[in-house]
Amino acid sequence: MPAIIIHTKRWDDPRDAADGTRILVTRFRPRGLRKEDETWDDWRPGLGPSAQLHAAAYGKGRDAVGWTTYKAAYQREMLAMKPEITSLAQRALAGETITLLCSSQCVRESRCHRSLLKELIEAEAARMQA
């Protein structure tokens with residue numbers, strides 16, 4: 001059973017040789033960043049939380065939702081992204097190292113959708129190996 005390697009970072013964290021393919025998984029591209037200054041190899045906006053969920057997480061226009069509510073809502077949204085999650089799991093199983101990148105403002109990885117997405121990809125890879 002091959003081990004899969006998926007890292008998580010913020011988009012402005014320095015590139016490391018061990019990163020493999022760096023994939024930005026935010027709904028919105030970082031503002032004011034020139035194309036030539038991008039630090040990622042691929043951008044998958046559909047793997048980021050919806051605009052509504054993103055706003056709810058930060059309490060824009062209402063009280064911020066808690067982590068448990070956010071996590072459940074993000075996981076529901078990702079049901080529609082199953083083909084992309086499966087594709088990333090297949091790539092990881094084939095030996096490709098993947099680094100999921102989020103916002104430079106997202107300093108708490110354990111409370112970020114990138115950690116949830118990593119778990120979803122790993123679960124899909126495990127399911128595929130079973």
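H2 passes H4 in a right-handed crossing. This is a predicted model, so read everything below as a description of that prediction. Helix H2 covers residues 67-78, and its axis sits 11 Å from that of H4, at an angle of about 50 degrees. The two helices are therefore oblique to each other.

Who does the touching here? On the H2 side, Trp67, Tyr70, Lys71, Tyr74 and Met78 make the contact, and on the H4 side they meet His113, Leu116, Leu117 and Leu120. Sorted by class, that contact has seven nonpolar residues, one polar and one charged.

**H3 against H4**

From H3, the residues involved are Lys82, Ile85, Thr86, Leu88, Ala89, Gln90 and Leu93. Facing them in H4 are Leu117, Leu120, Ile121, Glu124, Ala125, Arg127, Met128 and Gln129. By class, the H3 contact with H4 has nine nonpolar, three polar and three charged residues.

**The nonpolar cores**

In soluble globular proteins, nonpolar side chains tend to be buried together. In this model, the largest nonpolar core has 24 residues. Which of them have the most contacts inside it? Those are Leu47, Tyr70, Tyr74, Leu100, Leu117 and Ile121. The elements giving two or more residues to this core are helix H1 (51-57), H2, helix H3 (82-93), strand E4 (98-102) and H4.

Setting aside residues up to four places away in sequence, Leu117 touches Val25, Leu47, Tyr74, Ile85 and Leu100. There is also a second, separate core of five residues, and among them are Trp11, Leu24, Leu33 and Trp40.

**A few single residues**

Now for some individual positions. Glu119 is in helix H4, which spans residues 113-129. With 43% relative accessibility, Glu119 counts as partly exposed.

Ser50 belongs to the loop between strand E3 (42-43) and H1. Is Ser50 buried or exposed? Its relative accessibility is 13%, so Ser50 counts as buried. Beyond its neighbours within four places in sequence, Ser50 is in contact with Arg27 and Glu77.

Lys35 sits in the loop between strand E2 (21-24) and E3. At 62% relative accessibility, Lys35 counts as exposed. Leu79, in the loop between H2 and H3, also counts as exposed, with a relative accessibility of 64%.

| Pair | Apart in sequence | C-alpha separation |
|---|---|---|
| Glu119 and Thr97 | 22 residues | 15 Å |
| Ser50 and Leu24 | 26 residues | 15 Å |
| Leu79 and Leu120 | 41 residues | 10.0 Å |
| Lys35 and Glu119 | 84 residues | 29 Å |

Some of these pairs tie back to the residues above. Leu24, whose C-alpha is 15 Å from that of Ser50, is part of the second core.

Technical notes. Residues numbered from 1 in each chain as written. Predicted model: local features only at pLDDT ≥ 70, side-chain atom pairs only at ≥ 80, totals over all residues. Heavy atoms only, no water. Helix = DSSP H or I, 4+ residues; strand = E, 2+ residues; numbered from the N terminus. Buried < 20%, exposed > 50% of the residue type's maximum accessible area, 1.4 Å probe, protein only. Axes fitted to C-alpha atoms, helices over the stretch in contact; angles between N-to-C directions. Parallel < 35°, antiparallel > 145°, perpendicular 65-115°, else oblique. Left-handed = near helix turned anticlockwise from the far one by under 90°. Contact = heavy atoms within 4.5 Å. Nonpolar A, V, L, I, M, F, W, Y, C, P; charged D, E, K, R; others polar. Core = buried A, V, L, I, M, F, W, Y, C linked by side-chain atoms within 4.5 Å.
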